Amino acid sequence: MRLDDGIDIGAIALPRGRQPRTFTSSRMRGLTLVIKPNGRREWHLRYTRLSGGRNSVMLGLYPDLDEQGAVDIATEHKALLAKGIDPVERKRHQTREKRAE
């Protein structure tokens, strides 16, 4: 299902026990909103890894992160990919460096 302008994301509900539902954003290719049966709403960016495989990275939770904020973060991730940097691998590397300190 597609997220169009004017849809109240907070009003979308799923019955408990159902599979998560994915909505694609009309603002950016690869940006999705996953709504889980427990009510949690997660922004994800689906992308193709530099090695050719598919991957998805969670950008944040709705309502803490609205659609425009998710678009901004996704744009930053896509800019990294254009430079040949996998955003997930970069985050893992930064986490490892912090733990080493």
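Me: What counts as a strand here, and where is the place of Arg54?

Reply: Strands are DSSP runs of at least two residues, labelled E and numbered from the N terminus. The model is a predicted one. In it, the place of Arg54 is in strand E5.

Me: Is Arg54 buried or exposed?

Reply: Exposed means over 50% relative accessible area. Arg54 has a relative accessibility of 54%, so Arg54 counts as exposed.

Me: Which residues form a positive surface patch?

Reply: Lys and Arg count as positive. A patch takes residues with over 30% relative accessible area and no salt bridge. The positive surface patch is formed by Arg29, Arg46, Arg54 and Lys78.

Me: Which two residues does a cis peptide bond join?

Reply: In general, most peptide bonds are trans. Here there is a cis bond with omega of about 10 degrees. The cis bond joins Tyr62 and Pro63.

Me: How many salt bridges does a search of the whole structure find?

Reply: A salt bridge needs a side-chain nitrogen of Lys or Arg within 4 Å of a carboxyl oxygen of Asp or Glu. One of the pairs is Lys36 with Glu42. The search of the whole structure gives a total of five.

Me: How far apart are the closest N and O atoms of Glu42 and Arg40?

Reply: Glu42 forms a salt bridge with Lys36, where the closest N and O atoms are 3.6 Å apart. Glu42 also forms a salt bridge with Arg40. For Glu42 and Arg40, the distance between the closest N and O atoms is 2.6 Å.

Me: Which residues are linked with Arg49 in a network of salt bridges?

Reply: Arg49 counts as partly exposed at 22% relative accessibility, while Asp86 is buried at 8%. Both belong to a network of salt bridges. The residues linked with Arg49 are Asp86, Glu89 and Arg92.

Methods:
Residues are numbered from 1 along each chain as its sequence is written. This is a predicted model: local features need pLDDT of at least 70, side-chain atom pairs count only at pLDDT 80 or more; totals for chains, interfaces and linings use all residues. Side-chain values use heavy atoms; hydrogens and water are left out. Patches are made of residues with over 30% relative accessible area and no salt bridge: like charges are joined within 9 Å, nonpolar side chains (Val, Leu, Ile, Met, Phe, Trp, Tyr) within 5 Å. Accessible areas come from the Shrake-Rupley method with a 1.4 Å probe; for residues, only the protein chains shown count as cover. The place of a charge is taken as NZ of Lys, CZ of Arg, CG of Asp or CD of Glu. Helices (H or I, at least four residues) and strands (E, at least two) are DSSP runs, numbered from the N terminus. Buried means under 20% relative accessible area, exposed over 50%, partly exposed in between (1.4 Å probe, protein chains only).
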